[in-house]
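Subject: Structure for your review

Dear colleague,

Please find below the structure that I am handing over to you.

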Amino acid sequence: MATEPKYDVFICFRGRDCRDEFLANLVKSLKGAGIVPFLDEDTEKGVGITPQLLAAIEESWSSIIVMSKRFATSTHCLGELEVILKKNKTSGYPVMPIFYRVDPSHVKNLKKGFKKAFTKHKMVESGDQVNRWKDALQEFGNLVGWVFPSPKYR
């Protein structure tokens, strides 16, 4: 029998883009509703972050992915996205997409900053890895989610 999840929701986000304003309010609202979130600040110091984040995804009942302008510049974020979407496909793991100050079509079609990020990744990462991240972003861009703020942010 599977163990109970340690967290209700794993939050995948690019800290530079949204940690202080949007994420702080989201976490406050979740906790106020009795929902236990996992954030990267919950990781153990002095230990590799990637294994801890992957374990937290496995220990979570669901994920919220906050897609922001510089999300694709982070290999950590792209790796988490890839793992989360794979888990969604294989086991029906709930994924809640939030498009924060980005147009979902820019994610899906790898436009603007998303295209620029992949140009840089191609210089240092293997082609297979870059292609998996592109596929994950395009798949994510096709999901129905919440757009914050309203579409007038463009």
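In this message, a residue is called buried when its relative accessible area is under 20%, exposed when that area is over 50%, and partly exposed in between (1.4 Å probe, protein chains only). By these limits Arg132 is partly exposed, because its relative accessible area is 38%.

Please note that this is a predicted model, in which local features need pLDDT of at least 70 and side-chain atom pairs count only at pLDDT 80 or more, while totals for chains, interfaces and linings use all residues. Residues are numbered from 1 along each chain as its sequence is written, and side-chain values use heavy atoms, with hydrogens and water left out.

Arg132

Helices (H or I, at least four residues) and strands (E, at least two) are DSSP runs, numbered from the N terminus. Arg132 has its place in helix α6. The side chain of Arg132 is joined to that of Gln129 by a polar contact of 2.6 Å. The term polar contact denotes a pair of N or O atoms within 3.5 Å; within protein, one must be able to donate a hydrogen and the other to accept it, and residues adjacent in sequence count only if both atoms are side-chain atoms. Between Arg132 and Leu30 there are 102 residues of separation in sequence and 31 Å in space, C-alpha to C-alpha.

Salt bridges

A salt bridge is counted when a side-chain nitrogen of Lys or Arg lies within 4 Å of a carboxyl oxygen of Asp or Glu.

Asp17 and Arg70 meet through their side chains in a salt bridge, at 2.9 Å from N to O. Asp17 belongs to helix α1 (residues 15-32) and Arg70 to the loop between β3 (60-67) and α3 (75-91), so this pair ties together parts that are 53 residues apart in sequence. Asp17 is buried, with a relative accessible area of 14%, whereas Arg70 is partly exposed at 35%.

A salt bridge also joins Glu58 and Lys87, whose closest N and O atoms are 3.8 Å apart. This pair links distant parts of the chain, with Glu58 in helix α2 (residues 49-58) and Lys87 in helix α3, 29 residues apart. Glu58 is exposed, with a relative accessible area of 52%, but Lys87 counts as buried at 14%.

The side chains of Lys89 and Glu139 form a salt bridge at 3.3 Å, N to O. Because Lys89 lies in helix α3 and Glu139 in helix α6 (residues 127-141), the pair ties together parts that are 50 residues apart in sequence. Lys89 counts as exposed at 59% relative accessibility, and Glu139 as partly exposed at 24%.

Aromatic pairs

A pair of aromatic rings is described by the distance of the centres and the angle of the planes. Rings of Phe, Tyr and Trp (its six-membered ring) pair if their centres lie within 6.5 Å; planes under 30 degrees apart count as stacked, over 60 as edge-to-face and the rest as tilted. A search of the whole structure finds 5 aromatic pairs.

Tyr7 and Phe38 form an edge-to-face pair, 5.0 Å centre to centre with 70 degrees between the planes. Tyr7 in strand β1 (residues 7-12) and Phe38 in strand β2 (residues 37-38) are 31 residues apart, and their pair links distant parts of the chain. Both Tyr7 and Phe38 are buried. The ring centres of Phe99 and Phe140 are 5.2 Å apart and their planes stand at 45 degrees, so this pair is tilted. Phe99 lies in strand β4 (residues 95-100) and Phe140 in helix α6, so the pair ties together parts that are 41 residues apart in sequence. Phe99 counts as buried at 1% relative accessibility, as does Phe140 at 0%. Ring pairs also link Tyr7, Phe10 and Phe38 into a cluster.

Strand β4

Of the 6 residues of β4, 5 are buried, so β4 is largely enclosed by the rest of the structure. Two strands pair if DSSP finds at least two bridges between them. β3 and β4 pair in the parallel sense over 5 bridges, and Ile98 in β4 is the bridge partner of Val66. β4 also pairs with strand β5 (residues 146-148) in the parallel sense, over 3 bridges, and Phe99 stands opposite Val147 in β5.
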